[in-house]
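The structure is displayed first.

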Amino acid sequence: MTVPSRGTTPGSPAEDRDTAVAEEAGSPSATGGDGAAVNDPASDAEPAGSEDGAASAGDAVAVDGDAVSGAPDGATPPGGEGEAEDAAASAGDGVTPDEDAEAGEDGAPGGATPAGDAAAQPSEAEAEIAAQRELRERIARRKAEKEGPIPAGAKLSGQAADLLAAVRAMEGGRAAPARPVAPAAAPEPAAPAVPAQNRPLAPESARAASGAPATAPEAVAAVAAVLAEGGAPGTLAPQVTATLGERAGDALRQDPWLLLSVPGVRPEQADGFARALLGDACGPGDERRSAALVGWLLERAALQGHTALTFPAVRAALAERSVPDPDQALQHAIAEGAVLVFQDGVEDADGDTEDETAEDEDAGGAADGPAVPVLLGLDRYALAEESLADGLARLVKTVQGASWDEAAAQAPSPSAAELIRAVAGHGLVVHTGGEAARAEPVALAEAVRTLGLRPVVAAHNENGRRRLGPGAVTVAGLLSGTEGPGRDADGALDLDLLVVLDAPQLDVETATVLVESLPDSARLVLSGDPGVLWSAGAGRVFADLLAARVCPQIASRTPDPGPLGELVSGIGIGELNQVEAPGKEIVIVPVRDAGEAVHRTVQLVADSVPRAIGVPSGQTQVITVGHGGAVGTRALNTALKERLNPGPGRFGGFDPDDRVAYVPAPGRTLTGSVVSADAEGLRLDCDGVPVVVPRELVESVVRHGWALTAHQAAGMRWPAAVVVLPGDAAQGLNRPWVYTAFGRGERHLSVVHGVDQALAHAVAGVPAAERTTRLRTLLEVLLTPAV
């Protein structure tokens with residue numbers, strides 16, 4: 001059997017001859033590809049970021065009889081749903097046309113006035129900077145507070161602050177505070193640390209993930225009355241009340257566009273609601289409308305991974321929404337505090353702003369370097385990134401250097417020895433490598449323990465923790481206190497070294513909570529594979545830290561073994577290599593349409609892989625491009641359940657032994673199986689951890705799990721993986737998506753291939769979509785490069 005070359009087109013006569021062999025998983029083959037979030041054009045476009053429908057009940061809300069998808073008009077990444085549903089972790093700004101068309105010739109944001117006209121009138125950039133000064137004073141005051149020690153968690157907001165507050169409340173024996181937003185990592189009741197396999201996940205944890213705290217019935221009734229006046233469905237009332245508070249009814253009467261703050265509601269629906277309530281008293285230029293639109297645009301951008309957007313991007317998006325004067329609208333939103341303004345590059349190392357320099361450069365058109373963009377951001381992400389940068393700087397500056405040469409000499413590999421030496425002298429170290437390289441941070445922890453110090457190794461999820469062996473914890477368990485060493489009297493984690501694996505999956509708020517929880521002089525190692533998909537939540541913490549180069553970076557020299565390791569390594573550097581697979585480690589199954597793709601996938605999982613490879617169906621994971629569409633997770637799970645575990649779905653659509661994906665919080669997926677159901681809810685076994693999901697939450701946080709998206713599968717591995725690439729996913733493929741998907745199999749990879757040459761193109765020429773963040777700049781300002 002010949003191995004298809006890089007130029008072979010799936011579906012060609014040569015490939016057709018091998019199709020029968022694929023049924024026995026017997027055609028060793030080479031494939032490769034690389035992709036970020038792959039989106040299915042035929043899918044039902046769900047809101048970006050509503051990963052597995054767990055974030056809120058507002059994934060599909062009817063207003064004026066229309067289904068609300070939550071995806072911004074004109075802002076959907078190519079392909080519609082796909083990974084956008086998994087928090088749209090790879091997308092562009094997603095709210096704007098080409099920013100270059102909005103910039104002046106000198107590159108200044110906002111179409112700054114050219115040098116020849118600057119003397120006649122102030123440029124837009126000058127006007128922006130002038131409007132920022134009051135806000136910059138507030139920022140300066142925050143920076144002044146950073147001179148002293150940073151109290152853990154004191155400067156957080158949003159999900160990060162809510163999570164830390166819940167953790168501390170439970171540690172003190174109090175009830176966790178009600179919160180309208182799903183936590184980054186669902187807090188669990190405080191309890192002594194017990195082995196993960198014996199620790200049940202309490203129903204309260206799942207309830208917290210619903211993001212629907214109890215509200216007074218009279219408040220909900222008042223909101224329902226206002227919604228009825230505006231022609232909106234009363235079913236939105238509980239969600240509106242949870243979002244806007246007890247006086248939501250009065251607030252909506254005063255500002256109907258506050259409805260946009262409810263997940264799933266779109267601008268045109270909020271406009272209709274406002275017209276019904278206000279009549280001729282409102283219009284497209286209403287300041288309340290523009291302020292709400294700015295917040296909505298930034299929230300949508302956060303679901304796509306951005307923590308901020310450029311001034312031209314937001315201005316262009318407002319113009320697309322028929323705002324008559326976008327510049328004035330932005331100035332009003334800034335003045336009202338709906339959005340914060342940043343120009344981080346104009347601050348020097350002492351924290352003094354250089355607005356005058358920026359003005360001079362704009363007026364004279366003779367900037368010494370590239371123009372520094374003006375960024376707009378929401379308070380929660382701005383403060384999270386600033387607190388994270390401060391916390392990382394604190395670790396760098398407070399650690400006491402040591403010599404661990406003797407421990408390094410006992411390391412199992414040169415890369416592990418190099419890592420031990422780096423951690424000995426630094427408070428913050430970044431470690432990069434593939435699956436085999438995970439052994440190096442584990443060796444580091446063992447070496448540190450022999451020195452009498454207290455290390456903790458944490459993975460992103462239970463699957464990753466299980467692969468690390470005894471003693472490892474999950475990030476969520478560490479923060480909640482159900483795993484790990486607990487906290488000291490000051491509320492800091494009681495440890496000397498924290499090693500976080502799967503670090504690319506850390507969003508900015510979760511990373512902030514982790515860093516704020518570390519005591520002074522503790523050491524932090526962030527380890528992960530830089531080629532995989534970024535976090536489902538906002539930010540790109542690991543990538544920003546690598547780019548900032550403010551701490552030692554140890555690149556593992558331990559390659560992943562075998563044909564699968566060779567294939568994935570090539571994809572990581574943009575090469576689709578021909579790989580010999582004598583043990584049938586890699587198989588390509590060409591398909592021509594969606595129906596054949598579903599048929600072949602079921603055949604591989606149920607018959608071919610178990611028979612030819614020896615991996616049971618229960619240990620084979622299907623990975624596809626999105627939840628909707630003809631070959632999305634819903635369609636595949638329906639077909640796989642019918643073949644592997646048919647049943648009436650008597651437990652809310654589930655039967656015992658059904659494979660499921662449980663999402664207690666956005667961006668966090670636990671895989672497992674159904675055990676039973678009772679009055680308390682649906683009982684699951686998630687990698688040995690018993691979970692009880694309250695019956696009212698089952699529909700929103702549990703899905704069948706034979707098939708997952710690549711974002712859900714990130715950080716996890718199975719003995720065998722079947723990656724499905726339907727033809728309508730071709731335009732959405734990029735290198736990180738394929739790198740992530742193809743790297744999920746330990747022993748075997750089958751590729752149901754229907755994208756022709758798009759796979760090779762994605763590997764060679766489609767990198768990850770950029771995210772707009774501030775962390776890199778903040779770190780560069782705070783820290784002198786250490787290497």
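My entries follow, from the whole chain to single residues.

I note that this is a predicted model, in which local features need pLDDT of at least 70, side-chain atom pairs count only at pLDDT 80 or more, and totals for chains, interfaces and linings use all residues. Residues are numbered from 1 along each chain as its sequence is written, and side-chain values use heavy atoms, with hydrogens and water left out.

**Entry: overall.** I looked up the secondary structure and found 30 helices and 21 strands (DSSP runs, H or I of at least four residues and E of at least two, numbered from the N terminus). Of the 787 residues, 59% are buried (under 20% relative accessible area, 1.4 Å probe, protein chains only).

**Entry: sheet.** I traced an open sheet of five strands in the order β12-β21-β20-β13-β19, with parallel pairing (at least two DSSP bridges between two strands). Its edge strands, β12 (586-590) and β19 (707-709), each pair on one side only. The twist averages 25 degrees from one strand to the next (axes are lines fitted to C-alpha atoms, for helices over the stretch in contact; angles run from 0 to 180 degrees between N-to-C directions). Helix α25 (residues 633-644) packs on the sheet and touches β13 (620-624), β19 and β20 (718-725) (heavy atoms within 4.5 Å). The direction of α25 makes about 165 degrees with that of β19.

**Entry: strand pair.** β12 and β21 (residues 745-753) are joined in the parallel sense over five bridges. I found V752 in β21 as the bridge partner of V589.

Terms used
Buried < 20%, exposed > 50% of the residue type's maximum accessible area, 1.4 Å probe, protein only.
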